[in-house]
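Here's a quick briefing to read with the model open. Have a look at the strands and the ligand first.

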Amino acid sequence: MNDLAGKHIVLGLSGGIACYKSAELCRGLSKAGATVQVVMTEAARQFITPVTLQALSNRPVYGSRDVSGFDAREPNGMPHINLSREADAILIAPCSADFMVKLAQGAADDLLSLMCLARPIQSVPLLLAPAMNREMWAHPATQRNMAQLAADGAILLGVGNGFQACGETGDGRMLEPAELLEDLIAFFQPKSLAGQRVLVTAGPTFEAMDPIRGITNHSSGKMGFAIARAAREAGAEVTLVAGPVSLPTPRGVCRVDVRSARDMLEAVVASADSATVFVATAAVADWRPATPSDQKIKKDGSGQPPVLHFTENPDILHTVAQGERARSGRLFCVGFAAESHDLVNHAQAKRERKGVPLLVGNIGPLAFGQDDNEMLLVDAQGVHPLPRAPKLQLARQLIAEIARRTRATA
Ligand code: CTP
């Protein structure tokens, strides 16, 4: 998806071993549709050459030994002014401890720091991806500089935890290129759910027959994960209750992994009390084996299959939608319907049965596991189709719709 189409990003590199990740970040920014102008400090050039970044960004790299900031390539000789005026955002990745000091003090003795100082502070956001050894990161001086930078309006993107180039393990690694990209894309999304707490269920549930086997379904969880990501991008605090799926957790989302429908209900009830929006995308198993065996069910040699008895699972959406919080209008509930046929009638009937103001209908076999989908929004007024599109795009449309409706009822 061209999530950064039309955006011009100045990618600044200061000195640190994480510069090797910036090449991939540069490529990721371009692939997402952004134009990228790279500016490097002298120290960054010790770790990666400008040639690499010029090739990946398709533009000459700025920043040189000439620390005055004047550059004959620019008609007015002032890249620090021109580059910062053109940018939709400046992203410094990696941002070294030393470069933070310069930013915090307003130093301007190389093109990158000069450009950051010269940037129009109201219209050009400055995002920082710190990278350093764990002791440097934890040092009070670094933490003090970060607090100062945040107070001055910079956006700190945080750090990763793990093995460091120096051989130590801890906080301070630069976030991975994919994580930085996700954060930057999120940064540009409208904050239509700021202040809201969104609870999402996703994926299938697994209902055990014995310790080895169980029943489940084809839900991949992709739609629910996309909705959790879109809600987070829109500024909400998000809890994602996920059945057994192998998907990465969207950035900034609190994930609770569960297995069975009853586990899912328990996790949902624990969060629903403080949520303002509940989106139930999970394909919850309607039934579970009534008495799962605590040992593997073995063949007995008779050729007769075992007889399984089922009992109905709790209806999570219905339970929440009938709760006091939803009924008093403090929790906006959205259901999903996975049907195989006659979508409009089934979805309308299901919306009423579940007691929710909004239900999203889709054809299960066309949606499960796919990266795109088409959906039908069903409310008391009628139906409104959302044409086939990538799931993240549909998720953003749905979140915008939820934001509009919750604003209207607030
Ligand atoms: N749902 C739920 N708990 C259940 C069953 C469903 O929370 N035990 C939620 C789903 O997450 C979805 C909506 O209810 O938001 C509809 O789920 P779906 O499986 O389409 O419908 P069912 O209620 O199971 O009805 P049926 O199987 O008859 O179509």
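This is a predicted model: local features need pLDDT of at least 70, side-chain atom pairs count only at pLDDT 80 or more; totals for chains, interfaces and linings use all residues.

Residues are numbered from 1 along each chain as its sequence is written, and side-chain values use heavy atoms, with hydrogens and water left out.

- β16 spans residues 332–339, with strands being DSSP E runs of at least two residues and helices H or I runs of at least four, numbered from the N terminus.
- Seven of the eight residues in β16 are buried (under 20% relative accessible area, 1.4 Å probe, protein chains only).
- β13 (residues 277–280) pairs with β16 in parallel over four bridges; pairing takes at least two DSSP bridges.
- On the other pairing, β16 runs parallel to β17 (residues 358–363), joined by six bridges.
- Val334 is the bridge partner of Val279, and Val334 also stands opposite Leu358 in β17.

**Around the ligand**
- Fifteen residues surround the ligand, the closest being Ala280, Ala282, Leu317, Lys350 and Lys354 (a heavy atom within 4 Å).
- Polar contacts are N or O pairs within 3.5 Å: a backbone N or O atom of Ala280 sits 2.6 Å from a ligand oxygen.
- For Leu317, a backbone N or O atom is 2.8 Å from a ligand oxygen.

Definitions and conventions. Buried means under 20% relative accessible area, exposed over 50%, partly exposed in between (1.4 Å probe, protein chains only). A polar contact is a pair of N or O atoms within 3.5 Å; within protein, one must be able to donate a hydrogen and the other to accept it, and residues adjacent in sequence count only if both atoms are side-chain atoms.
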